[in-house]
Amino acid sequence: MTRPDRPASAAVSDDALFGPEAADYARYRPGLPDAAVHLLAATQHGVPAPVLLELGTGTGQVPRALLPVLHRLAHSDLVNVNASMLKSARAALEPVRGACTVDVFTGAAHDFAPPRPAGRPP
């Protein structure tokens, strides 16, 4: 991939590169291998209400693969600089999310701050 000689903000350059193609990116990008999905799911064994934070989620491949095997997943925060990718991720997760709540955040990963759960000290 070629970037301009002068710096551009990630949000602008990523929207320009991937915005219009988000649906095709989601459709044609290879999925996660089953072994990787089950390995990730196994790390949550014994966790009563797992929460997923995916920085740079793109079209949501990781949560889309994990939701069917992590039935106890309580919440997912998905972060990406590209709003089109996040829109595609949200649409792809609707059929499989079950009781899992999903929040999407458009912006850089280093700017993300999850909302503080009620009753937890700062």
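F105 is partly exposed, with a relative accessible area of 25%. This residue belongs to a predicted model, in which F105 and F112 form an edge-to-face ring pair.

**Aromatic pair**
- The structure holds 1 aromatic pair.
- The ring centres of F105 and F112 lie 4.8 Å apart, and their planes meet at 65 degrees; because an angle over 60 degrees counts as edge-to-face, the pair is assigned to that class.
- F112 has a relative accessibility of 16% and counts as buried, because the limit for burial is under 20%.
- F105, at 25%, is partly exposed.

**Largest nonpolar core**
- The largest nonpolar core comprises 13 residues.
- L66 and L73 are the residues with the most contacts inside this core.
- Helix 3 (34–42), helix 4 (61–66) and helix 5 (83–93) are the elements that each contribute two or more residues to the core.
- Leaving aside residues up to four places away in sequence, L73 touches P50, V51, L52, L67 and C100.
- In soluble globular proteins, nonpolar side chains tend to be buried together.

**Position of E21**
- E21 is located in the loop between helix 1 (10–18) and helix 2 (22–28).
- With a relative accessibility of 37%, E21 counts as partly exposed, because this value falls between the limits of 20% and 50%.
- E21 and S84 are 63 residues apart along the chain, and their C-alpha atoms are separated by 8.4 Å.

Methods
Residues numbered from 1 in each chain as written. Predicted model: local features only at pLDDT ≥ 70, side-chain atom pairs only at ≥ 80, totals over all residues. Heavy atoms only, no water. Core = buried A, V, L, I, M, F, W, Y, C linked by side-chain atoms within 4.5 Å. Buried < 20%, exposed > 50% of the residue type's maximum accessible area, 1.4 Å probe, protein only. Helix = DSSP H or I, 4+ residues; strand = E, 2+ residues; numbered from the N terminus. Contact = heavy atoms within 4.5 Å. Phe/Tyr/Trp six-rings, centres within 6.5 Å; stacked < 30°, edge-to-face > 60°.
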